[in-house]
Amino acid sequence: HCLLEMKRTAVFLRGINTAITLKLTEVSSKPIRILYAGTGPYGTLMLPLLTQYQPNELTVDLLDINPDSLTALHKLTDTLCLNEYIGEVYCTDATTFTIDKHYDIVISETMLACLKSEPQVAIMQNLIPQLADDCIFIPQEISIDASLVNPKMEMDRLMYYETEPPPFERISLGNIFTVNKYKLDCSAYNKTVSIPDFTATFPILKLFTTVKVYGKEILTENDSSITLPKQYHDFRKEQAKELEFWYVQGEKPRIESRIKQHTLSNLTVKHEF
């Protein structure tokens with residue numbers, strides 16, 4: 001499924017290629033060393049780039065929790081004669097993996113839209129503190145923002161084929177969650193959002209995921225499955241003045257929220273998606 005998402009694959013490959021090019025100019029000792037955590041069976045975000053470089057320029061260590069994925073990936077690198085580029089292979093959990101060497105670039109994309117279910121945040125929290133300051137982690141940043149939307153405007157925007165685009169507007173409620181190498185503390189992932197008096201026209205609250213891969217390479221809404229907008233709240237069914245959001249870790253990580261200030265009563269209702 002990841003391989004078939006052409007735009008996601010292309011954007012990540014361009015971002016990773018830019019990072020490799022930069023490191024090759026910065027680092028005097030070669031080869032540069034890359035850790036690819038969460039390879040899957042095809043190593044989609046790294047293997048297509050290898051033939052653009054010489055084996056003495058870069059070495060890639062591979063990590064995945066699934067032994068079948070690593071077996072399939074080994075068959076692929078062997079068939080394509082890419083084993084010269086491959087260093088260590090680790091069959092382990094990236095959320096608990098201990099790094100014992102210097103890496104110039106670390107890559108790990110294990111996520112769904114709105115950071116639901118997959119361990120992307122936990123992997124970043126484990127790996128990034130173990131890296132040198134000059135190590136590039138990809139993706140650089142994942143952010144989730146909230147907006148009030150009008151369902152008809154959203155549909156018209158997706159469906160029109162004429163030269164004149166239909167009227168379109170959203171009411172931004174700001175950032176809900178951001179994770180990068182400088183923001184890894186889950187205890188700080190808490191945000192209260194005030195709901196403006198626009199819910200009659202913009203009755204749906206949606207969350208939008210943006211992934212900054214590296215440099216100018218960015219995935220925004222509808223670019224891939226990991227950045228699909230997610231409907232969260234319908235104010236036609238339940239009004240609220242304030243919503244509180246927070247991040248939950250564990251076996252099924254997710255963003256949860258509750259109505260912090262109800263418009264009609266003091267009841268609080270917990271939501272998750």
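Helix α4, residues 120-127, is mostly covered: 6 of its 8 residues are buried. Buried means under 20% relative accessible area, exposed over 50%, partly exposed in between, with a 1.4 Å probe and protein chains only. Helices here are DSSP runs of H or I, at least four residues, and strands are runs of E, at least two, numbered from the N terminus.

This is a predicted model: local features need pLDDT of at least 70, side-chain atom pairs count only at pLDDT 80 or more, and totals for chains, interfaces and linings use all residues. Residues are numbered from 1 along each chain as its sequence is written, and side-chain values use heavy atoms, without hydrogens and water.

Which residues of α4 are buried? Q120, V121, I123, M124, N126 and L127. They pack against β1 (32-37), β4 (105-107), β5 (136-138), β6 (141-149), β7 (170-180) and β12 (240-248). Contact means heavy atoms within 4.5 Å.

Now the whole chain. The secondary structure comes to 5 helices and 14 strands. Of the 273 residues, 48% count as buried. Take the contacts with a separation of 6 or more: residues 24 or more positions apart account for 72% of them. The C-alpha trace spans about 65 × 45 × 35 Å along its principal axes.

Last, helix α5, residues 151-159, which holds L158. Is L158 buried or exposed? L158 is exposed, at a relative accessible area of 57%.

That's the tour. Questions, please.
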